[in-house]
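Colleague: I would like to learn how to read salt bridges and strand pairing in a model like this one. Could we take the features one by one?

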Amino acid sequence: MEKLVEVSQHELRFPVVLNQPQVETLSLRCLSSEVPVVFKLKTNNLERYRVRPNSGVIQPGATEEITIAMQKTPEYPPDLKTKKDKLQLLAAPFPAEVASAFGADPAQFFDNPSPANGALIVGQKLRVNLYIPEGGLNESTEKTSVQVAPSEPVQPDAALLQSVASPKPLTSSQPSVSRAASSTAAKPGPTKIDMESLPTNEETLQKLNAEIQEQKKTIQVHQTRIEVMRKASIAPLREALGGIPFGANSLPHETLDGIPLVHSALLVVLSIVAIGLFLPQSSF
């Protein structure tokens, strides 16, 4: 069956902008030059669209303007790219004898039509295309309170960066390596360093390691000097005793005239005992 109504556009494009309704206009022109045409515009998404008027009668050769409004939405539809909204235009000849049967509401013609009336109905499908305009996502996000506003970029902490680039000297609660080394020189013993409290900068750690090595060398020098001084103070006493080893460093294997020191001492004791046995005892 030939078309009864000419439609100005077969695809309606609606930009989706949050909290802002969108309106499109559709022009319907009656192609008949003798008989009026009754029409009804239907949609598969009544919650999203409002059509005014959604039905009516177009006189021969006349044009009817239809307003299609997309309701405002606080968020982007989840089915924006999956679900296709559609409009369907129904039209049928509407002569006076037919129009008298429906009175003031011609849209009843399409409600449960009789077989005869149903055979006269001509349908046309109109596509609906929803799209997000360029830059619309950012603009609409700022306009609605439902969406979370974009957070400001986080600026780096200048003080933190400075402390990493140039570590602060160790405080009194964190004794420096030099202080620890000096105390070690005065009183030999291992020094515990809290490694977790030290800065983690690689260059700083290298400097600390070099300083530790230097302090170790200084401690060795001091220990060598102390040992030399100790030996120098013991040497005169050792000479006075005839070369007998004396002091904490005297070792069991040091000898007296080629005889082990322990053996020499044992011989002296045995000699004294023998002399006491063989001498005549004094009588009183």
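Predicted model: local features only at pLDDT ≥ 70, side-chain atom pairs only at ≥ 80, totals over all residues.

Colleague: Is lysine 40 buried or exposed?

Modeller: The cut-off for buried is under 20% relative accessible area, so lysine 40, at 17%, counts as buried, whereas aspartate 111, at 42%, counts as partly exposed.

Colleague: How many salt bridges does a search of the whole structure find?

Modeller: The search finds 5, among them the one between glutamate 6 and arginine 29, whose closest N and O atoms are 2.9 Å apart. That pair links distant parts of the chain, with glutamate 6 in strand β1 (residues 5-7) and arginine 29 in strand β3, 23 residues apart.

Colleague: And how should I read the pairing of strands, for instance which strand pairs with β3?

Modeller: As a general idea, side chains in a regular strand alternate between the two faces of the sheet. Here, strand β3 (residues 22-30) pairs with strand β7 (residues 63-70) in the antiparallel sense over 8 bridges, and glutamine 22 has methionine 70 in β7 as its bridge partner. Strand β5 (residues 49-52) also pairs with β7 in the antiparallel sense, over 4 bridges, with threonine 67 in β7 as the bridge partner of arginine 52.

How values were computed:
Residues numbered from 1 in each chain as written. Heavy atoms only, no water. Pairing = 2+ DSSP bridges. Helix = DSSP H or I, 4+ residues; strand = E, 2+ residues; numbered from the N terminus. Salt bridge = Lys/Arg side-chain N within 4 Å of Asp/Glu carboxyl O. Buried < 20%, exposed > 50% of the residue type's maximum accessible area, 1.4 Å probe, protein only.
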